[in-house]
Amino acid sequence: MIRLAILADLHANLAATLAVHADLQRRGLTDIWILGDLVGKGPRPREVLDWAQAHATRVIQGNWDARVAGATHRPQDLWPRSRLTPAQLTYLGELPYGIEEQFGGAWWRFVHASSRGLFHRLYPHSSLHDQIEAFAPNPQHGLTQYADALVYADMHEALLLDVEGRPLINCGSVGNPLDSTLPCYLILEFDPHSPNHTATFVRLTYDRDEEISAAEASDMPFTREYVAELLTGAYQKRRARTGESSSP
């Protein structure tokens with residue numbers, strides 16, 4: 001069997017990331033794919049990025065990775081940007097958009113937010129037309145196949161839907177879950193000789209108090225909102241003086 005650990009939305013939460021790492025080691029999972037948003041929101045972007053570069057097999061770009069690398073200049077982008085090295089910022093800015101891979105003869109696509117764009121959101125309640133469109137090619141982003149299955153992130157909510165016979169899976173969030181207060185990641189297992197697969201969501205506890213202490217000891221913006229999200233699992237909009245709100 002081919003076994004993949006699919007992680008996303010770590011969001012500079014080192015305590016949650018290390019808890020997931022310990023679980024991966026316990027399960028013997030070494031093929032680790034990260035579907036973006038390594039940084040942003042949390043207090044330890046450099047440490048989480050160091051972890052990802054040391055342990056991840058494949059990594060794609062999330063919207064926060066692009067923002068911190070230079071796509072936008074909000075206070076919540078500038079603070080982690082100032083904590084990263086030029087080499088790390090280049091790494092974030094050059095991450096690929098997505099992955100298309102065949103498993104058992106079926107094409108699986110992995111993206112952060114959607115197939116249409118890094119800042120285009122694919123909701124669980126999106127129309128059937130939009131969900132079906134997500135499986136179509138988009139050569140602009142290097143997506144050349146008609147996908148038989150789509151795995152994505154960005155929503156911070158674990159999800160498994162059947163879209164006209166095709167799996168649509170959201171792997172949930174490690175560092176900033178918004179459907180629970182527990183980190184979540186996905187294990188995919190493939191039979192290399194057939195399209196058969198299994199998808200398992202894993203939730204686990206972590207040292208949340210230590211993460212909150214790290215946030216409160218930092219000078220990062222929007223600490224109160226970040227802590228509230230960790231404690232409640234409810235999204236707290238962040239608004240700078242310009243009035244611009246951030247995405248999850």
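How many Å should the 14 residues of helix α1 span, and how far apart are its end C-alpha atoms? At 1.5 Å a residue, residues 14-27 should span 20 Å, and the end C-alpha atoms are 20 Å apart, which agrees. The expected span is 1.5 Å times one less than the number of residues in the helix.

## Basis of the report

The structure is a predicted model, in which local features need pLDDT of at least 70 and side-chain atom pairs count only at pLDDT 80 or more, while totals for chains, interfaces and linings use all residues. Residues are numbered from 1 along each chain as its sequence is written, and side-chain values use heavy atoms, with hydrogens and water left out.

Helices (H or I, at least four residues) and strands (E, at least two) are DSSP runs, numbered from the N terminus.

The buried residues of α1 (under 20% relative accessible area; exposed is over 50% and partly exposed in between, with a 1.4 Å probe and protein chains only) are L14, A15, A16, T17, A19, V20, H21, D23 and L24. The elements that cover these buried residues include the strands β1 (2-7), β2 (32-34), β9 (184-190) and β10 (197-203). Helices α2 (45-55) and α7 (208-217) are also among them. Contact here means heavy atoms within 4.5 Å.

At the start of α1, the backbone nitrogen of A15 lies within 3.3 Å of a side-chain oxygen of N13. Just after the helix, G28 adopts a positive phi of about 70°.

The whole structure holds 13 salt bridges, each being a side-chain nitrogen of Lys or Arg within 4 Å of a carboxyl oxygen of Asp or Glu. One of them joins D23 to R27, with the closest N and O atoms 2.7 Å apart. Both residues belong to helix α1 and are four residues apart, about one turn of the helix. An α-helix has 3.6 residues a turn, so residues three or four places apart point the same way.

D23 counts as buried because its relative accessibility is 10%, whereas R27, at 32%, counts as partly exposed. A network of salt bridges links D23, R26 and R27.

R83 and D219 form a salt bridge through their side chains, at 2.6 Å from N to O. R83 lies in helix α4 (residues 75-83) and D219 in the loop between α7 and α8 (223-232), so this pair ties together parts that are 136 residues apart in sequence. R83 has a relative accessible area of 30% and is therefore partly exposed; D219, at 53%, counts as exposed.

A salt bridge also joins the side chains of R121 and D154 (2.8 Å, N to O). This pair links distant parts of the chain, 33 residues apart: R121 is in the loop between β5 (106-111) and α6 (128-133), and D154 is in the loop between β6 (149-152) and β7 (158-163). D154 is buried, as its relative accessible area is 1%.

K41 is a residue other than glycine with a positive phi, near 80°. K41 is located in the loop between β2 and α2, and its relative accessibility of 5% makes it buried.

E164, likewise not a glycine, has a positive phi of about 50°. The loop between β7 and β8 (166-171) contains E164. At 60% relative accessibility, E164 counts as exposed.

Key. Polar contact = N/O pair within 3.5 Å; in protein donor to acceptor, adjacent residues only side chain to side chain.
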